[in-house]
Amino acid sequence: MNIELRKLTIEDYDDLKESMTQAYDTMGGSIWQKSTIQKLIKIFPDGQLCIAVDDKVVACSLAIIVDYDEYGDKHTYKLITGDFSFTTHDPNGDTLYGIEIFVSPEFRGLRLGRRLYEARKELCENENLKSIIAGGRIPGYHKYSETLSPRQYIDKVKAKEIYDPTLTFQISNDFHVRKVLKNYLPGDHESKEYATLIEWNNIYYQGIDASARSAMTIRLGLVQWEMRLFPSIETFYEQVEFFVDALSGYKSDFVMFPELFNTPLLQPYNHLPEIEAMRKLAEITPEIVHKMHEYALSYNANIITGSMPLLEDGKLYNVTYLCHRTGKIDEYRKIHITPNEQKYYGMIGGDKVQVFDTDCGKIGILICYDVEFPELSRIYAEQGMQILFVPFLTDTQNGYTRVRHCAQARAIENECYVAIAGCVGNLPKVNNMDIQFAQSAVFTPSDFAFPTNAVKAEATPNTEMVLVVDVDLHLLDELHHYGTVKVLKDRRTDLYEVKLLK
C-alpha cells in the first residue's frame, strides 16, 4: 500500500467522484461537479489537497482564503462560498476557510483525515493566515435532538459522554467550537441543519512571519525501551503502539525503537540453546514488521523498527526496517556483527550500504556496532545523508560509551544529526539478555548554530521514556557552506578516499 498526500488535479476527478459518492451516501449522494473542482484548483491550487492510496484518490480537502470580517460568525455556507461560485476567495484575506473534507468509508481506519487536517494547518502557517475556520456537521445529533439542544449535545461531545464522528474528530485535532450555526447547510437532516463553527488558531500569526518557521524542521521521537517480560505477544504490541501513539500525538516525523528490543519474546524459548531460541524469535519477525507497517500508516509517522532477527536461506541477520508513513518498507541489515552475536546466535553481516529517501530528507541507518566504523557513515554523507539513526543495545556502560562517543564523532565529521536509541532495565529468564545500559540522545555538528556540547537532547540514563527532538536541516546546509570549518569540503581527496566496493 502506498499513501501520498498531494495537491488535487482535475485528472483526479473520476476517482474523486467515486469517493465522494461513497462518502456522501447518507446525504443523498450529492457531489461536487467537475467544473466546480476545476475552478477551485484554478483560483487556489495550494488549498485543494487529496490523499491517494495506490494512486487512487480516496480523501480530499478543499479550502479558500477569505477576509473573515466581511462575513462574521452568522454566515451560511452559501454566503461564504459566494453561492458556490467562490468569488469570495481573497488571496489577501486572513483566514483559511475549509469548505470540504472527506475520506472514503473504505479507508477511514488509516487516519487519513488527520493527515489532511495537519496539511491544512501547515498551509495556514505557510500562508501566514490567522486561523482555520469551517462549518462542521454534527451527524450524530439527530439521535439526541428530542432531548438535547445543539449546545447541550456539543458540551456532551466535548466531555466525551457522546461520540460524534465529525465533531469528536475535530476536537481531537485541536479545533474548538466558536459558535453554533443554524440553517448552515440545508438538507443536512442528520445534523438537523445545525453546524458548529470550528476554529484552529495559528500561533505563528502576527509578530512571527510564517516563513521564519523553517519548513525543514524535522521532529524525531526516540523510544528508550525498558526490557520486560510480556505475558503474550498482544501485550507486546500494546506497548509498542502506546509509544507510537504518544509520539505521533507530538507530531513526530520519525519514531525509532532500539536494537533487538523484541528479545523479551525469547522467554518461551529459554530452555533452548541461544542460537535456536533466536531462530525461533525470527519466525515472528514478519508479523511484527506487518504491525509496525500498520502503525506507520495509521499514526502518520515514519517508524524505524529497532532491529529484529531475520532468518533467510538458513542465515540469521540483524535487521532494521524503515516503515514509511507513505506505505513503503525499506530494510537495513547490520554490517558488523559483534563477537557476542556471532558466538551465541550465529549471526552474519549484511552487504548493502545505502541512504533512504523519505518525506523528511535523506537518512541513514546503522545498528549499534556499525557506528564504530566511520567508513559507513562517510559513504552515507557522500550520498547526501542528513540524519543518521542508530538503534543500539549495550549491556555495560563501557559498551554504551563506545556507541555514544562514536555517534558524536559521526555527527561532527559528517555534518549531520545522529539519533541513538537503546534499551534499559533488566531481563531475567532470557539467556544472554540479562542487563542493559542506555542513554538515548540526539547529537549535532559542533559550530555556533548548534549546542556548545554538540548534544541537542539526551534522555535520563536507564529510565524508560521518550525523547522528542526538533532538528533543523537548513542549519546543515548553512554549516556545509559557511561553517567555521568545512569538514566534508576540506577533505584531501587527492590523497585518500573512502570507497564502496559493492
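Select Leu 62 to begin: Leu 62 sits in strand S3 (strands, of at least two residues, are E runs in DSSP; helices, of at least four, are H or I runs; both are numbered from the N terminus). This is a predicted model, where local features need pLDDT of at least 70 and side-chain atom pairs 80 or more, while totals for chains, interfaces and linings use all residues. Residues are numbered from 1 along each chain as its sequence is written, and side-chain values use heavy atoms, without hydrogens and water.

Leu 62 is buried, at 1% relative accessible area (buried is under 20%, exposed over 50%, partly exposed in between, with a 1.4 Å probe and protein chains only). Beyond its neighbours within four places in sequence, Leu 62 has contacts that include Ile 37, Leu 40 and Tyr 97 (contact: heavy atoms within 4.5 Å).

Next, select helix H2, residues 34-43, where Thr 36, Ile 37, Leu 40 and Ile 41 are buried. These four lie on the same side of H2, because they cover an arc of only 135° around the axis (taken from the directions from the helix axis to the C-beta atoms). Turn to the face away from that buried side to find the exposed Ser 35 and Lys 42. The buried residues of H2 pack against helix H1 (13-23), strand S3 (56-66) and strand S4 (95-103).

Finally, which residues of the lining are closest to the centre of the second largest pocket? Select Thr 338, Asn 340, Leu 393, Thr 394 and Asp 395, from a lining of 23 residues. Helix H10 (339-345) and helix H12 (397-413) each supply at least two lining residues, and H10 gives the largest share, four.

Note on methods:
On a 1 Å grid over the protein atoms alone, a cavity is a set of points where a 1.4 Å probe fits but cannot get out, and a pocket is an open set with protein on both sides within 12 Å along at least five of seven lines; lining residues have an atom within 4 Å of a point.
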